[in-house]
Amino acid sequence: MASSQRQKMMAGEWYICLDDELEVLRVRARRAVNQHNTMDPEERGNTAPLLKELFSAIADDAYMEAPFHCSYGMNITFESQVYLNAGCTILDSAPVRFGARTMVGPSVQIYCAQHSKDAVQRARGVEIAMPVTIGEDVWIGGGAIIMPGVTIGDRAIIGAGSVVTRDVGDDSIVVGNPARQR
């Protein structure tokens, strides 16, 4: 069983997000995100240097428009030719993987944290982190929200504005709130 809040978070156990060690990691991510969002695109290339160092992995040809936001960065993996449009937010308290050639529309939000349903626990910052996995050749329409623990299969399409609360199979098209197969 994990002992530190970071270890608990990484192990997928309930943890307290209001923790000094986790705050240091979030501050590091905010600095990297700020560098990415404020650099001239010609200087920045596809990703600002601090942000590139932060990610678990990022292919040289992955591209993220600014502005971009992530909580930690260290849990995010971008495979080849992934494209994130402006305004994407990834709250990566658990691993988030983007498969090759995935396109993400503007203002897409990806959440990994599930907060406690108990109000007292929630006020203490108790949450659990669940991974999000996005397959290859996926298209996520603008303004979509991907909830904790969701897996999106290869070649799936997520309609703009959809709220994805369940896994999406390969070659599926889902739309709506909650997202349903079309």
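I count two residues as in contact when they have heavy atoms within 4.5 Å. The model I am reading is predicted.

**Entry: Phe68**

I looked up the contacts of Phe68, leaving out residues up to four places away in sequence. The list that came back is Val33, His36, Asn37, Leu51, Phe55, Ile76, Leu84, Cys88 and Ile90. I also checked burial, and both Phe68 and Phe55 are buried.

**Entry: the core**

Next I asked which members of the largest nonpolar core touch the most other members. Phe68 is among them, along with Phe78, Leu84, Ile90, Phe98, Ile140 and Ile152, in a core of 46 residues. I then noted where core residues come from. Helices α2 (20-38) and α4 (49-54) each supply at least two, and so does each of the strands β4 (68-70), β5 (76-78), β7 (88-91), β8 (96-98) and β13 (132-134). The largest share is that of α2, with five residues.

**Entry: aromatic pairs**

I searched the whole structure for aromatic pairs and found four. How are the rings of Phe55 and Phe68 placed? Their centres are 6.2 Å apart and their planes stand at 80°, so I recorded the pair as edge-to-face. Phe55 sits in the loop between α4 and β2 (57-58), while Phe68 is in strand β4, so this pair ties together parts 13 residues apart in sequence.

Tyr63 belongs to strand β3 (residues 63-64) and Tyr83 to strand β6 (residues 83-84), and the pair links parts of the chain 20 residues apart.

**Entry: the five-strand sheet**

I traced an open sheet of five strands in the order β4-β7-β10-β15-β18, and its pairing is parallel. The edges are β4 and β18 (163-164); each has a single partner strand, so one side of each has no neighbour in the sheet. At the β18 end I checked the pairing with β15 (residues 145-146), which is parallel and runs over two bridges. Ile145 has Val163 in β18 as its bridge partner.

**Entry: the seven-strand sheet**

I traced another open sheet, of seven strands, with the order β3-β6-β9-β14-β17-β19-β20 and mixed pairing. Strands β3 and β20 (180-181) are at the edges and pair on one side only. Inside the order I looked up β17 (residues 157-158) and β19 (residues 173-175), which run parallel and are joined by two bridges. The bridge partner of Ile157 in β19 is Ile173.

**Entry: strand β12**

Last I went to strand β12 (residues 126-129). Which of its faces are covered? Both are, with Val126 and Ile128 buried on one side and Glu127 and Ala129 buried on the other. I then checked its partners. Strand β1 (residues 15-16) pairs with β12 in the antiparallel sense over two bridges, and Ile16 stands opposite Val126. Strand β11 (residues 113-115) is also antiparallel to β12, over three bridges. There, Gln114 stands opposite Ile128.

Terms used: Residues numbered from 1 in each chain as written. Predicted model: local features only at pLDDT ≥ 70, side-chain atom pairs only at ≥ 80, totals over all residues. Heavy atoms only, no water. Core = buried A, V, L, I, M, F, W, Y, C linked by side-chain atoms within 4.5 Å. Buried < 20%, exposed > 50% of the residue type's maximum accessible area, 1.4 Å probe, protein only. Helix = DSSP H or I, 4+ residues; strand = E, 2+ residues; numbered from the N terminus. Phe/Tyr/Trp six-rings, centres within 6.5 Å; stacked < 30°, edge-to-face > 60°. Pairing = 2+ DSSP bridges.
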